[in-house]
There are 4 protein chains.
Amino acid sequence: MSETRRIYTELCHSTVDRITVRGVDLCSELIGKVSFTEMMFFDILGRRPTLAETRIVDAVLVTLMEHGLAPSAIAARLTYSGAPEALQGAVAAGLLGGGSALLGTLESSARLLNKLVVDPAGVEAAARREAESCRATATAVPGFGHPYHKPDDPRTATLFRLARSLGVPGKHIEACEILSSAVDAAFGKHLVINASAACGALLCEIGVPVDIARGFALVSRSAGLVAHVYEESKRPIIWSTLKAVGDAVPYVGPDGTPAGKWA
Amino acid sequence: MSETRRIYTELCHSTVDRITVRGVDLCSELIGKVSFTEMMFFDILGRRPTLAETRIVDAVLVTLMEHGLAPSAIAARLTYSGAPEALQGAVAAGLLGGGSALLGTLESSARLLNKLVVDPAGVEAAARREAESCRATATAVPGFGHPYHKPDDPRTATLFRLARSLGVPGKHIEACEILSSAVDAAFGKHLVINASAACGALLCEIGVPVDIARGFALVSRSAGLVAHVYEESKRPIIWSTLKAVGDAVPYVGPDGTPAGKWA
Amino acid sequence: MSETRRIYTELCHSTVDRITVRGVDLCSELIGKVSFTEMMFFDILGRRPTLAETRIVDAVLVTLMEHGLAPSAIAARLTYSGAPEALQGAVAAGLLGGGSALLGTLESSARLLNKLVVDPAGVEAAARREAESCRATATAVPGFGHPYHKPDDPRTATLFRLARSLGVPGKHIEACEILSSAVDAAFGKHLVINASAACGALLCEIGVPVDIARGFALVSRSAGLVAHVYEESKRPIIWSTLKAVGDAVPYVGPDGTPAGKWA
Amino acid sequence: MSETRRIYTELCHSTVDRITVRGVDLCSELIGKVSFTEMMFFDILGRRPTLAETRIVDAVLVTLMEHGLAPSAIAARLTYSGAPEALQGAVAAGLLGGGSALLGTLESSARLLNKLVVDPAGVEAAARREAESCRATATAVPGFGHPYHKPDDPRTATLFRLARSLGVPGKHIEACEILSSAVDAAFGKHLVINASAACGALLCEIGVPVDIARGFALVSRSAGLVAHVYEESKRPIIWSTLKAVGDAVPYVGPDGTPAGKWA
């Protein structure tokens with residue numbers, strides 16, 4: 001293939017009277033005919049989703065949208081308070097926390113499930129090996145455990161039930177459940193399969209590459225962040241936030257003695 | 001109203017076994033039952049959309065998602081090339097261009113339509129006044145004109161036709177068309193009603209406040225940016241981009257003479 | 001001038017063995033010979049600062065760097081907690097709050113001083129007119145007032161004294177003081193000249209265009225944000241921050257009754 | 001230590017008439033008395049730099065500020081064109097590319113030097129081992145190689161000479177040079193010690209922890225980005241940038257045939 005051909009984009013083309021997305025006419029084939037979720041799947045992955053795939057992506061996006069006053073929502077609200085004319089900055093600030101400690105769980109959990117389902121030793125043996133290895137090295141098992149939801153994360157059962165009712169292959173969900181039993185056995189107690197793991201498993205089921213799974217979570221969060229910024233614009237919480245943080249985090253000077261508060 | 005009541009959030013609440021979004025149980029009522037678009041509308045605006053409203057939001061989101069190698073897509077790809085481990089940063093960088101010169105058109109056009117439909121002089125007189133005032137001051141009419149699409153933006157007719165087939169009130173669409181006639185008369189030539197204006201009109205029709213309309217565009221763009229970053233990860237264009245920019249934009253030294261290029 | 005000549009950059013040029021910034025050799029003339037502040041001034045404004053100008057920029061940058069647990073610092077820390085591998089995202093999130101409500105004060109105050117010093121009516125009459133107009137319309141005077149520092153902001157006197165000791169023209173500082181008297185007279189009480197106003201006045205004194213003044217503040221803040229992120233990496237405050245915010249901002253359901261807290 | 005004491009900040013404290021940064025009075029001790037670079041070092045690291053340390057940090061910051069139309073500068077300019085009212089967004093977008101592929105080199109190179117200088121086998125044996133291991137696994141040696149500057153990066157010699165003239169210990173610089181010889185021997189050709197490696201070595205010499213070294217680079221870049229955005233505001237290049245990218249990166253449809261260009 002010539003150099004000219006190697007550098008190209010497949011995503012979009014416009015002429016005077018026509019816009020084409022991946023070869024499909026935007027106006028006659030897409031607007032009014034497909035949902036946001038179908039369009040997103042098509043634009044990112046290059047094929048139209050089946051009905052089951054669309055409902056699974058919808059379920060994942062609905063699950064991850066709104067988490068209340070989470071770090072990303074607070075960051076977006078604080079940013080909005082300084083730059084209310086730049087809504088895009090507030091949404092961007094909120095998204096920037098979507099890294100390894102937050103959305104990384106979804107990815108590393110999905111990566112582990114993808115590994116288990118192709119392990120030559122079989123899923124059960126592989127799951128036992130992973131669980132015991134995590135136990136031995138006192139490492140967290142990606143996708144297991146949750147600070148609040150115990151003994152189970154209510155979203156996980158809902159997501160797994162939905163996916164099964166839609167007849168997806170089920171391999172990754174099954175691997176996740178086998179891993180769960182192995183984890184409980186290895187750690188000697190029940191650990192929650194959290195919603196990140198469940199969302200990762202569902203995206204794996206429909207062939208979303210792990211490398212881009214985080215992208216689906218970011219799109220979902222962006223909608224939740226808009227909701228938080230809009231609430232902030234109508235009924236700001238950031239002044240009580242600042243006061244609460246100031247009270248919770250005192251200043252301590254270099255001589256080790258706490259200073260007085262704002263006089 | 002007491003202090004406790006004034007500082008609060010209505011968005012989300014969690015207990016050990018339950019997550020509630022605006023009073024509705026996430027697991028039993030939302031996951032698997034509503035689409036992303038319905039959930040987004042509900043989370044931001046606090047009410048469930050009708051079927052017509054959902055289809056209109058979907059149409060707007062589908063329209064704004066993918067624009068090819070636009071500034072936001074190039075910014076996201078360049079950012080990804082420097083920080084491939086931080087997908088969230090690439091998406092955020094792309095969104096940050098969504099300001100007055102880009103998404104501002106949608107907002108200012110929607111604001112103008114909202115003003116026209118309540119003008120005591122009637123829409124026609126108000127539209128004529130606005131068009132003539134823009135003409136007299138050589139100001140762009142928000143939502144009119146497009147660098148490529150002529151004589152009409154193919155998305156506008158599609159969006160207006162869809163909205164009408166869904167039986168929305170139609171006031172803002174009508175105001176937009178009346179304004180278009182007034183603009184053509186005042187400027188003595190036909191100016192395109194661009195897709196930003198059409199999207200703004202549709203969001204007005206279903207009661208999305210102008211102040212948050214930009215948020216819908218940002219969510220849509222975030223999906224398109226994920227598509228661009230994913231394509232970049234598989235088949236990078238940024239090196240030819242850098243070379244093309246370097247060729248197109250020479251260095252000129254303080255003495256006014258162009259310097260040689262990279263030797 | 002030909003089209004080719006109109007599209008160019010004056011900032012930087014590299015060859016195999018040489019890097020030139022605005023025509024000056026980086027290695028032989030700049031590295032080790034100029035400070036960060038001199039280099040920044042030169043790169044942005046295209047001329048080498050005098051000693052007095054450098055000291056004034058340094059004073060402004062030193063003043064604006066560190067404000068404790070301000071919104072930008074909290075946003076950066078929250079972002080870091082979700083994406084500790086992407087320091088650049090935390091710094092970017094913190095900067096994004098640097099908009100109209102925060103750094104806008106510096107800009108609008110500088111813009112007002114620039115206007116006063118050239119007013120044909122003279123500074124005193126112009127200042128009186130501005131102050132009375134703000135009073136009549138119950139508008140804040142840009143750069144006046146501070147939530148904590150009363151009766152005066154300690155940074156303002158320090159900055160003005162320094163600038164005078166360095167022999168800058170003094171026109172903008174004088175205009176600021178004349179405006180202060182006019183404001184006190186119009187409002188019938190003493191209002192603080194805050195540090196934003198003082199920094200804006202100093203940047204005006206040395207000819208920094210108002211349009212780019214915000215850039216100096218952003219560079220200074222970026223250093224403060226690195227300090228906050230580094231402290232966060234060693235001794236995280238975000239968990240107590242989240243708890244404090246959760247306690248300060250209760251959830252209230254759609255029926256108006258507060259929900260219980262995390263059980 | 002009690003819970004109250006563990007959650008605190010050491011950075012800043014304000015009272016009605018006083019602002020203290022790390023226990024030092026901002027107005028009487030810092031403004032007008034220390035440079036930006038000294039203040040930054042003090043705020044981040046908690047101790048005042050020596051004169052030599054200040055000059056080394058200045059040299060690193062001056063080196064990294066301006067790289068012409070690099071990806072970060074183009075991203076900032078593109079972002080500015082969409083949101084000219086939000087300078088902070090353009091700077092943030094530019095910084096977001098400062099990840100593993102860009103600033104990561106400085107960090108990984110510094111990490112390697114830190115490892116070499118404490119290797120029980122001695123620096124020479126350790127350097128030989130590292131170089132041969134990279135050669136055997138066809139891995140890039142962090143900090144070695146440059147696309148344009150050959151046979152040597154002019155900044156490296158300048159930085160090393162400066163640091164030596166300032167009498168810093170020199171251990172990391174020496175380790176870098178020993179590694180360079182080992183690399184040349186292992187690879188059978190001369191590889192450039194690039195400026196990232198040199199900057200990393202200098203920051204190591206003065207005790208800047210590797211984990212925060214990227215922060216110094218980000219602060220420096222933020223100043224360069226302001227310069228680019230300011231140039232863009234006066235003489236935009238983004239339209240020719242968009243055209244150049246569009247020409248360099250054609251659309252290819254799903255059937256593999258290139259589409260026509262904008263008619």
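Okay, let's start where two chains meet: 71 residues of chain B are in contact with 71 residues of chain A. By contact I mean that the C-beta atoms of two residues, placed from the backbone, lie within 7 Å. Before I go on, a caution: this is a predicted model, so local features need pLDDT of at least 70 and side-chain atom pairs count only at pLDDT 80 or more, while totals for chains, interfaces and linings use all residues. Residues are numbered from 1 along each chain as its sequence is written, and chains are lettered from A and ligands numbered from 1 in the order in which they are written.

Back to chain B. Helices here are DSSP runs of H or I with at least four residues, strands are runs of E with at least two, and both are numbered from the N terminus. By class, that side of chain B has 38 nonpolar, 21 polar and 12 charged residues. For the classes, Ala, Val, Leu, Ile, Met, Phe, Trp, Tyr, Cys and Pro count as nonpolar, Asp, Glu, Lys and Arg as charged, and the others, Gly among them, as polar.

Now, how many residues of chain A are in contact with chain C? It's 36, meeting 36 residues of chain C. Helix H13 (238–248) of chain A is one of the elements involved, and H13(A) gives the most to that side, with nine residues. The class count there is 22 nonpolar, 12 polar and two charged.

Let's look at the inside. The largest nonpolar core has 382 residues, and those with the most contacts inside it are A:Val91, B:Val91, C:Val91 and D:Val91. A nonpolar core is a set of buried Ala, Val, Leu, Ile, Met, Phe, Trp, Tyr and Cys residues joined through C-beta atoms within 7 Å. Buried means 20 or more other C-beta atoms within 10 Å of a residue's own, exposed means 12 or fewer, and partly exposed is in between, again with C-beta atoms placed from the backbone. Leaving aside neighbours within four places in sequence, B:Val91 is in contact with residues including A:Leu95, A:Leu218 and B:Ser222.

Chain A on its own has 13 helices and three strands. Of its 263 residues, 59% are buried, and its C-alpha atoms fill a box of roughly 70 × 60 × 40 Å, taken along the principal axes.

The peptide bond from A:Lys150 to A:Pro151 is cis, with omega near 0°, and A:Pro151 sits in the loop between helix H8 (123–136) and helix H9 (154–165). A:Ala138 is in that H8–H9 loop of chain A too, and has a positive phi near 50° without being a glycine. Another non-glycine with positive phi is A:Arg22, at about 45°, in the loop between strand S2 (18–21) and strand S3 (24–25).

So which of these two is buried and which is exposed? A:Arg22 is buried, because 20 other C-beta atoms lie within 10 Å. A:Ala138 has 6 C-beta neighbours inside 10 Å, so it counts as exposed.

One last stop, in chain B. B:Ser28 is found in helix H2, and counts as exposed because it has 12 C-beta neighbours inside 10 Å.
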